[in-house]
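Colleague: I have a model open on my screen and would like to learn how to read it. Could you take me through it feature by feature?

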Amino acid sequence: MSERAYRILGLSPNTPKAEVRKVWQRLAAELHPDVNPAPDATRRFRRALRAYRTIMADRPMARRTRARRAPAPLVCPCCHDGFTYGSECPRCVVPLVARGSKTKAPPTPEVDALIAELERPKVPPLFAIDPDMRVPLLASLLAVFAWGQAQIGMTMLAAMSLSFVVVALAGEAIRRRTPDWLR
């Protein structure tokens, strides 16, 4: 077992696990970052948690190190994904280049087609509705729909539809009376 883990929790190596659990619960209540406003509370809590888990698992306490891998030698000039081998990026279908080279991404036909599609002039609508008349027009259509609901006996649904009409028209009236600088 790891004496270091016992030292972190302030215990002796021959402390029974039931006592370790009690000490851990008391320490967790003191060190938890939600309770403890100290700037290093998170680090201290994680260190104590790791020590507690080490003691409970009966294994030596290992230091946490991050293994740094060397970056991949090849890179895609379009998506910048790294590759250790190959000659072409599977996503962009362009040749890979050596990492660090100043090669620009070649133009791709898919991207050019998308740009052309976005820049193409829009087809005008069949009939244009003045933006100031859209809400009143939809409200009147909903009112006719509510009238139809009332005719077939759906009075509660008709009342709900009419309340939507009132709210929409009230919102439109407020929007029209609001000065431009306040919008």
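Modeller: Gladly, and let us begin with burial: a residue is buried under 20% relative accessible area, exposed over 50%, and partly exposed in between, using a 1.4 Å probe and protein chains only. Two ground rules first. This is a predicted model, in which local features need pLDDT of at least 70 and side-chain atom pairs count only at pLDDT 80 or more, while totals for chains, interfaces and linings use all residues. Residues are numbered from 1 along each chain as its sequence is written, and side-chain values use heavy atoms, with hydrogens and water left out.

Colleague: Let me try one. Is Q149 buried or exposed?

Modeller: Q149 is buried, because its relative accessible area is 6%. The residue belongs to helix α5, which spans residues 134-151. Helices here are DSSP runs of H or I with at least four residues, strands are runs of E with at least two, and both are numbered from the N terminus.

Colleague: Which residues does Q149 touch?

Modeller: Contact means heavy atoms within 4.5 Å. Setting aside residues up to four places away in sequence, Q149 touches M154, L157, A158 and S161.

Colleague: How many helices and strands does the chain have?

Modeller: Six helices and three strands. Along the sequence they follow the pattern α-α-α-β-β-β-α-α-α.

Colleague: How should I read the strands?

Modeller: Strands of a sheet pair through backbone hydrogen bonds, either parallel or antiparallel. For the pairing itself, DSSP must find at least two bridges between two strands. Here the three strands make an open sheet in the order β2-β1-β3, with antiparallel pairing. β2 (82-83) and β3 (97-98) are the edge strands, each pairing on one side only. β1, residues 74-75, pairs with β3 in the antiparallel sense over two bridges, and A98 in β3 is the bridge partner of L74.

Colleague: Where is C79, and what does it touch?

Modeller: C79 is found in the loop between β1 and β2. Beyond neighbours within four places in sequence, C79 is in contact with C89, R91 and C92. C79 counts as partly exposed because its relative accessibility is 21%.

Colleague: What about the nonpolar core?

Modeller: A nonpolar core is a set of buried Ala, Val, Leu, Ile, Met, Phe, Trp, Tyr and Cys residues joined through side-chain atoms within 4.5 Å. The largest one here has 15 residues, of which L9, L11, V20, W24 and I55 touch the most other members. Two or more residues each come from α1 (3-9), α2 (17-31) and α3 (41-57), and α2 gives the most, with six. V20 touches Y6, L9, L11, T15, Y52, I55 and M56, again not counting residues up to four places away in sequence. A second, separate core of six residues includes F83, C92, V94 and L96.

Colleague: How many salt bridges are there?

Modeller: A salt bridge is a side-chain nitrogen of Lys or Arg within 4 Å of a carboxyl oxygen of Asp or Glu. A search of the whole structure finds seven. One of them joins R120 and E117, with the closest N and O atoms 2.8 Å apart; R120 has 48% relative accessible area and is partly exposed, as is E117 at 42%. Another joins R175 and D132, at 3.3 Å from N to O.
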